[in-house]
Amino acid sequence: MKIRRRTAIGITLIVLIGLTSWGLAGALEEQQYSDQGKAEYNRGNYDAAIYLFNKAIDLNSDNEYLYNDRGMCYMALGELDTAISDFSKAIELKSDCVEAYYNRGLAHFKQGGWGNEGPFDLAIADYSKVTELKPDYADAYYNRGLAYNQLFHY
């Protein structure tokens, strides 16, 4: 059986349209999980938000913002090491992810205290990176000042 050129082109187009639609559906599903995760985070339902961000990450493990958002949930739950791991993954995926540097600085700051000054140094480094990437980020300057204050206070 001989396939005509027009038939071959038509089949190829149908296959390409199908593949494109399938990829678009996955992206839409990822966005829905992300949006739902943010809504649950805003309601204070951090475990539910983590579940939804995990579903989105399963669909797209290269989206740095999903890791950043999930890290915010872990930080709200007080799971600072896990939060720092997520923020670091976001930075690994996008080396200029200002939000992840800032949030990792917050998590490091929360780990610091009497006899544990090392996290303040790490927070200062993250806040300094934020000011390098986004010089008008006033909160980063403020929090870096707080970290210096705590570092020298302790």
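Which residues have the most contacts inside the largest nonpolar core? They are Met75, Phe87, Tyr102, Ala107, Val130 and Tyr137, in a core of 34 residues. By nonpolar core I mean a set of buried Ala, Val, Leu, Ile, Met, Phe, Trp, Tyr and Cys residues joined through side-chain atoms within 4.5 Å. Buried is under 20% relative accessible area, exposed is over 50%, and partly exposed is in between, with a 1.4 Å probe and protein chains only.

A word on the source. This is a predicted model, where local features need pLDDT of at least 70 and side-chain atom pairs count only at pLDDT 80 or more, while totals for chains, interfaces and linings use all residues. Residues are numbered from 1 along each chain as its sequence is written, and side-chain values use heavy atoms, with hydrogens and water left out.

Now the overall picture. The protein chain has 7 helices and 0 strands; these are DSSP runs, H or I of at least four residues for helices and E of at least two for strands, numbered from the N terminus. Of its 154 residues, 35% count as buried.

Two or more residues each come from α2 (46-59), α3 (64-76), α4 (80-93), α5 (98-111), α6 (118-133) and α7 (138-153). In general, nonpolar side chains tend to be buried together in soluble globular proteins.

Take Met75. Apart from neighbours within four places in sequence, Met75 is in contact (heavy atoms within 4.5 Å) with residues including Leu80, Phe87, Leu106 and Ala107.

Next, the aromatics. There are 5 aromatic pairs in the structure. Rings of Phe, Tyr and Trp (its six-membered ring) pair if their centres lie within 6.5 Å; planes under 30 degrees apart are stacked, over 60 edge-to-face, and the rest tilted. Why is the pair of Tyr102 and Tyr127 tilted? Because their planes are at 55°, with the ring centres 5.7 Å apart. Tyr102 is in helix α5 and Tyr127 in helix α6, 25 residues apart, so this pair links distant parts of the chain. Tyr102 counts as buried at 11% relative accessibility, and Tyr127 counts as buried at 1%. Together with Tyr137, Tyr102 and Tyr127 form one aromatic cluster.

Last, the cysteines. Cys73 is buried, at 0% relative accessibility, and Cys97 is buried, also at 0%. How many disulfides does a search of the whole structure find? It finds 0, a disulfide being a pair of cysteine sulfur atoms within 2.5 Å.
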